[in-house]
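Reader: I would like to learn how to read the domains and the helix packing of a model like this one. Could you take me through it slowly, with the general idea before each case?

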Amino acid sequence: MHIKRILPENNSYTPSIKLHTFRWLLGFAIFCFALIWTIDELSGLISPFDEVSYPFCIFFFILIYFVSLKRSINREYLFLFTYFIVAGYLTSSSIYHHITLHGTFSNASQWLGLNYVMAYLFLDVRKAAFTSIVVFIMTMVGHYVVLMAQFNVSDALGVLLNIGVSHLVYMVLLWTVLRMRIQSAKIQERLEMLEHYALLDPLTQVFNRRGLEDELFQAELAYQQQSQSYAILLVDIDHFKLINDRHGHLIGDWVLTEFIAVLNKTTSPEDKLGRWGGEEFVILKQDASHQETFDCAERIRIAVSERIQVVEGEMLSVSIGIGYSGEAEDSRGVLGIADRNLYTAKNTGRNCVMDTASAATVKATKIS
């Protein structure tokens, strides 16, 4: 039925960060590491650990940046690898600086909260939750071993508890924010679903009149701004009222669904198809010549008359009127031209296709 999909592919919450944003963050990380490296060098505060870790991280950030430019790259694995580079550096740096030989109770642990922020920024919910727990345990165990070996129990436990509580606060707050985002995403999905069904005809599952009016407006906008031509095919099922009267509405509904199935097979995926009302349907074609549009209408007419049998010996037929962009000031006027040509087709005996040129030929023949 060639309706643009507006429902999400699945209901799982995945990281919303785009690759171009990820690359921007990589550039920002390279700048920050280079800046801190320069400051530490100039101030004489740089440690042997940082002398190795700064260039190590910068090298891998640059490498990851260029790898991310490849189209075939798996974004999930790329984010995960980047996360473990940063988390590994932050955790090991904090542990290193808490060794008494490298500075008593260093403030390096203040950066560890970034581990949890990045987990929920780069990874999906389940991986972020699991990774956060693993990183938290590794952080606590690593600091416990170092602190207990270097300091007395009360001082070591005081620092360890401060780290643990602050990290739990990070995790709880981030989880709360994430839950709020998930609820917001679910509400948005429901709104999109309601909008989706508001634009559909419930029986045929193609655009309804409102949906078609939106598509016609966009087509007219593209024509005015980009000179993208379009054509409107107004298709009417011949004698549909008689079908309902003779065979009942269930058969009538079956005819409509079979008719849509034929239209789906005989139109292109780019065409917009909808039910204008009753037994009248609209097909919107863009970037097609007059001849291509007329040929498409003929294919539809022939396919319907050959494939849909109402009852034995009674084949379905349709009449089609065509209006082209440029024949009127806007899409409403083009639709009016298609309607007039449809009227001519029905008065000519039905089961035929009419555009402005063929309708004029018919009228000239009648006059002569």
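Author: Let us begin with domains, whose bounds come from an automatic or database domain assignment. Here the protein is divided into domain 1 (19–194) and domain 2 (209–367), and the centres of domain 1 and domain 2, taken over C-alpha atoms, are separated by 60 Å. This is a predicted model, in which local features need pLDDT of at least 70 and side-chain atom pairs count only at pLDDT 80 or more, while totals for chains, interfaces and linings use all residues. Residues are numbered from 1 along each chain as its sequence is written, and side-chain values use heavy atoms, with hydrogens and water left out.

Reader: Which residues does UniProt list for "transmembrane region"?

Author: UniProt positions are given in the numbering used here, with shortened feature names, and annotations may be inferred rather than shown by experiment. The unreviewed UniProt entry lists residues 21–40, 52–70, 77–99, 130–151 and 157–178 under that name. Helices (H or I, at least four residues) and strands (E, at least two) are DSSP runs, numbered from the N terminus. In the model, residues 77–99 are 91% helix and 0% strand, with end C-alpha atoms 33 Å apart, and residues 157–178 are 100% helix and 0% strand, with end C-alpha atoms 31 Å apart.

Reader: At what angle do the axes of helix 3 and helix 5 cross?

Author: Two packed helices are described by the angle between their axes and the distance between the axes. Axes are lines fitted to C-alpha atoms, for helices over the stretch in contact, and angles run from 0 to 180 degrees between N-to-C directions. The axes of helix 3 (residues 75–97) and helix 5 (residues 125–150) come within 10 Å and cross at roughly 20°. That makes helix 3 roughly parallel to helix 5, given that angles under 35 degrees count as roughly parallel, over 145 as roughly antiparallel, 65 to 115 as roughly perpendicular and the rest as oblique.

Reader: How does helix 3 lie against helix 4, and which residues make the contact?

Author: The axes of helix 3 and helix 4 (residues 114–122) come within 10 Å and cross at roughly 175°, which means that helix 3 is roughly antiparallel to helix 4. Contact means heavy atoms within 4.5 Å, and the residues that make it include Phe79, Tyr83 and Leu90 of helix 3 and Leu114, Met118 and Phe122 of helix 4.

Reader: What is the angle between helix 9 and helix 10?

Author: Helix 9 (residues 249–266) and helix 10 (residues 290–307) pack at about 140°, with their axes 10 Å apart, and therefore helix 9 is oblique to helix 10. Among the residues in this contact are Phe259 and Leu263 of helix 9 and Ile300 and Arg307 of helix 10.
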